[in-house]
Amino acid sequence: SVTTILKSAGIIDDRFYTEAGRERGTAVHLACQLLDEDDLDWDSVGEEISGYLKAYQSFKKDSGFKPLKIEEGVYNRSYQYAGRYDRLGEIDGKIGLMDIKTGAIPTWVELQLVGYETALFDMGRAFQNLVNPVEELFALQLRENGAYTLKAIEGGREKQEVFLSAVRLYHWKKNNGVKV
């Protein structure tokens, strides 16, 4: 997966992640998905994630964000990797690919999003659709207090080359018995 590749390359350091943080992130992602699908029962939302969910609700209201695809899997046949992006949607009249974070927005999210975008483009080519649907990349930080930060991410060829180098390194390590 995209994150496994970035961890294997030493780009993501998850030593400080906690199980509680992972569980919170999973719960927030599910609640945001249910909100997007108009299937959320607010009475079922625990106090520990309600602020994050209110932040997402505020972001949608403030930006007019309209999700088109939610938590969808992608696969790059050419480079043999997969991933699952958080949202593909319309924002300010453009199609944006977005990752949702409940902690700080790490620098490596740029490579994560470029990996998803590259896989989306590869999937489009596989279906004879040579148009890249993604016009912008975003990271959305949701906070417990109901606030949010939206960060535009610069893509570009250089970041794609860095990500694809990490993919090549991952496959080399795997094929040569080196711990990934």
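This is a predicted model: local features need pLDDT of at least 70, side-chain atom pairs count only at pLDDT 80 or more; totals for chains, interfaces and linings use all residues.
A polar contact is a pair of N or O atoms within 3.5 Å; within protein, one of the two must be able to donate a hydrogen and the other to accept it.

Select Arg87, which lies in strand β4, residues 87-91. Is Arg87 buried or exposed? Its relative accessibility is 0%, so Arg87 counts as buried. Now display the side chain of Asp36 as well: a polar contact of 2.5 Å joins it to the side chain of Arg87.

**Second stop: helices α2 and α3.** Asp36 also belongs to the contact between two helices. Select residues 19-36 for α2 and residues 47-63 for α3. Two packed helices are described by the angle between their axes and the distance between those axes. Here the angle is about 40° and the axes are 10 Å apart; the two helices are therefore oblique to each other. The crossing of α2 past α3 is right-handed. To view the contact, show Arg24, Ala27, Val28, Ala31, Cys32, Leu35 and Asp36 on α2, together with Ile49, Tyr52, Leu53, Tyr56, Gln57 and Lys60 on α3. Sorted by class, these residues comprise nine nonpolar, one polar and three charged.

Proceed to strand β5, residues 94-101, and select Gly96. Gly96 has a relative accessible area of 1% and is therefore buried. Which residues does Gly96 touch, leaving aside those up to four places away in sequence? They are Arg87, where the tour began, with Leu88, Gly89, Glu136 and Phe138. Finally, select Pro67: its C-alpha is 9.3 Å from that of Gly96, and the two residues are 29 apart in sequence.

How values were computed: Residues are numbered from 1 along each chain as its sequence is written. Side-chain values use heavy atoms; hydrogens and water are left out. Axes are lines fitted to C-alpha atoms, for helices over the stretch in contact, and angles run from 0 to 180 degrees between N-to-C directions. Helices (H or I, at least four residues) and strands (E, at least two) are DSSP runs, numbered from the N terminus. Angles under 35 degrees count as roughly parallel, over 145 as roughly antiparallel, 65 to 115 as roughly perpendicular and the rest as oblique. A crossing is left-handed if the near helix is turned anticlockwise from the far one by less than a right angle, and right-handed if clockwise. Contact means heavy atoms within 4.5 Å. Ala, Val, Leu, Ile, Met, Phe, Trp, Tyr, Cys and Pro count as nonpolar, Asp, Glu, Lys and Arg as charged, and the others, Gly among them, as polar. Buried means under 20% relative accessible area, exposed over 50%, partly exposed in between (1.4 Å probe, protein chains only).
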